[in-house]
Amino acid sequence: MKKALILVAAILLLAGCGPKKETLKYGKIITAENGMILPMSREPGGNKTDWNIGLFFIPEGAVVQSPCELHTCAISIVYENPETGKLDASNVDLDFQDRSSKGKYFYSLPYLWFPSRSCLEHAVQITVTYAPENVGLPLQEVETPDGKQMLPDVTGYCFVFTGKEIPKYFKALIEKLQ
């Protein structure tokens with residue numbers, strides 16, 4: 001795990017040299033080798049963001065680097081099942097691994113726990129959620145097949161990728177899956 005943290009630190013240093021923001025359908029990201037830097041809202045519902053959530057695909061698995069402890073650190077994949085043609089979803093939670101001496105929190109998950117490569121190749125949406133532990137998330141009413149439910153509003157603490165963005169920005173992940 002120490003090698004992984006060193007690799008992530010090196011990637012972050014490279015990403016910090018003249019970061020270039022790319023505009024996607026749901027916002028802007030900063031690309032880096034084998035990953036990206038995602039925006040995090042300074043407060044729930046706020047429009048001011050900091051560029052400080054790193055998502056990287058290293059040889060051992062996916063790694064999220066955060067400046068604060070996270071209540072939720074997950075990747076949700078909605079894909080079209082090639083056998084049935086219907087939409088299905090897969091959610092993976094990244095586990096807390098370590099806190100560096102510089103106060104960064106690291107979450108990771110080996111590729112073994114991700115859905116198959118076929119699922120990602122047929123993905124229609126990927127949502128990365130990184131809600132901080134110390135932030136009170138407002139509740140919102142959501143219509144579900146079981147009726148209306150009150151769920152936390154993670155707006156500002158997640159990023160959504162759709163369509164052609166997925167193979168471009170998740171290429172490193174897709175290549176590592178079987």
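Predicted model: local features only at pLDDT ≥ 70, side-chain atom pairs only at ≥ 80, totals over all residues.

Visitor: What makes Tyr111 and Phe114 a tilted pair?
Guide: Their ring centres are 6.1 Å apart, and the limit for a pair is within 6.5 Å. The planes sit at 45 degrees, while stacked needs under 30 and edge-to-face needs over 60.

Visitor: Why is the pair of Phe96 and Tyr107 called edge-to-face?
Guide: Check the centres, which are 5.6 Å apart, against the limit of within 6.5 Å. Then take the angle: the planes are at 70 degrees, and over 60 counts as edge-to-face, so that's the name.

Visitor: Where in the chain do Phe96 and Tyr107 sit?
Guide: Phe96 is in strand E8 (residues 95–99) and Tyr107 is in strand E9 (residues 105–110). They're 11 residues apart, so the pair counts as linking distant parts of the chain.

Visitor: How do you know whether Phe96 is buried, exposed or partly exposed?
Guide: Its relative accessibility is 45%. Buried means under 20% and exposed means over 50%, so Phe96 lands in between as partly exposed.

Visitor: And what about Tyr107, buried or exposed?
Guide: Tyr107 has a relative accessible area of 4%, which is under 20%, so buried is the word.

Visitor: Which rings make up a cluster?
Guide: Ring pairs tie together Phe57, Phe159, Phe161, Tyr169 and Phe170.

Visitor: How many disulfides does a search of the whole structure find?
Guide: The count is 0. To qualify, two cysteine sulfur atoms would have to be within 2.5 Å.

Visitor: What is the order of the strands in the open sheet?
Guide: Its 4 strands go E7-E6-E10-E13, with antiparallel pairing.

Visitor: What makes E7 and E13 edge strands?
Guide: Strand E7 (87–93) and strand E13 (158–162) each pair on one side only. From one strand to the next, the twist averages 15 degrees.

Visitor: How do you know that E10 and E13 pair?
Guide: Pairing takes at least two bridges, and strand E10 (residues 123–132) has 5 bridges to E13, so they pair. In one of these, Gln125 is partnered with Thr162 of E13.

Methods: Residues numbered from 1 in each chain as written. Heavy atoms only, no water. Phe/Tyr/Trp six-rings, centres within 6.5 Å; stacked < 30°, edge-to-face > 60°. Helix = DSSP H or I, 4+ residues; strand = E, 2+ residues; numbered from the N terminus. Buried < 20%, exposed > 50% of the residue type's maximum accessible area, 1.4 Å probe, protein only. Axes fitted to C-alpha atoms, helices over the stretch in contact; angles between N-to-C directions.
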